[in-house]
Structure formats: structure tokens, C-alpha cells
Amino acid sequence: RFVHSSNMIQILLSLCASYSAFILAEGVLGISGVLATVASSLVLADGVWPHIVSRESMEVAWHTFETLGNILIFFLAGSLTGKIMLDTSAADYGRLLVLYLFLL
């Protein structure tokens, strides 16, 4: 087992493993990076969990990465949607209102 101060090292190694799997699959092998990342996480989950010093710190770190990723994705989607909404006509807004009222 590792010592107590190696929590950050374990988190960074798991992060590097996921990025390495993605880059290797997408850039070198030309296959799906997302599926390679999922496969990498399954391998890590099967073999590494007994050796993790602090499960709580690992889970908190990955939940933080997940939250930051969701924030980034929804911010970008909102920015693109906002840009499109500026170019729509009043007739489109009217149709949208009719559709909304119909669905109520």
C-alpha cells in the first residue's frame, strides 16, 4: 500500500490513464477514444481499487471532474443556442409559442 500522502499521485495517475487511453485510441489507432476510456476505467476499477489509499478522495476528485465537465458542456451548448436564437425571426418565436401552448 501507498502512504497517506500519495492520494494526489493516485488521482493524477488515474487521470493520466484515462487521457492516455483516449489519445492513444483516437490519435494513433484511429478507434473510439470514448470506448477506450471506458475500457481503461473498467480495467482500473477491477485491479486498482484494493490498492487505493483513500477511496473517498478518489471519488470526490472524479465527481469534481464530472461536475466541471458538465458545466463546460452546458455552457458551450448554451452559448451556441444563444447565438442561434439571435438569428431567428418573430414568426419562429410565434410557432414556438403555439407549440408550447399546445403541449400544455
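Let's start with helix α1: α2 and α3 are among what covers its buried residues. Buried here means under 20% relative accessible area, exposed is over 50%, and partly exposed is in between, with a 1.4 Å probe and protein chains only. Covering is judged by contact, meaning heavy atoms within 4.5 Å. Helices are DSSP runs of H or I, at least four residues, numbered from the N terminus.

A word on the source. This is a predicted model, where local features need pLDDT of at least 70 and side-chain atom pairs count only at pLDDT 80 or more, while totals for chains, interfaces and linings use all residues. Residues are numbered from 1 along each chain as its sequence is written, and side-chain values use heavy atoms, leaving out hydrogens and water.

Back to α1. Its buried residues are Asn7, Gln10, Ile11, Ser14, Ser18, Ala21 and Ala25. What about its span? After α1 comes Gly30, with a positive phi near 70°.

Now take Ser14. It sits in α1. Its relative accessibility is 12%, so Ser14 counts as buried. Leaving out residues up to four places away in sequence, Ser14 touches Leu44, Met58 and Trp62.

Next, the largest pocket. Its volume is about 810 Å³. It has 23 lining residues, and the closest to its centre are Ser14, Leu15, Ser18, Ser41 and Trp62. On a 1 Å grid over the protein atoms alone, a pocket is an open set of points where a 1.4 Å probe fits, with protein on both sides within 12 Å along at least five of seven lines; lining residues have an atom within 4 Å of a point.

Which helices supply at least two residues each of that lining? α1 (7-29), α2 (33-47) and α3 (55-86) do. α1 gives the most, seven residues. By class, the lining has 15 nonpolar, six polar and two charged residues.

Last, charge pairing. A salt bridge is a side-chain nitrogen of Lys or Arg within 4 Å of a carboxyl oxygen of Asp or Glu. How many by this rule? One. Arg95 pairs with Asp92, closest N and O atoms 2.7 Å apart. The two are three residues apart in helix α4 (residues 90-103), so about one helical turn separates them. Arg95 is exposed, at 55% relative accessible area. Asp92 is partly exposed, at 36%.

Methods:
Points joined across faces, edges and corners; volume = space filled by probe spheres on them. Nonpolar A, V, L, I, M, F, W, Y, C, P; charged D, E, K, R; others polar.
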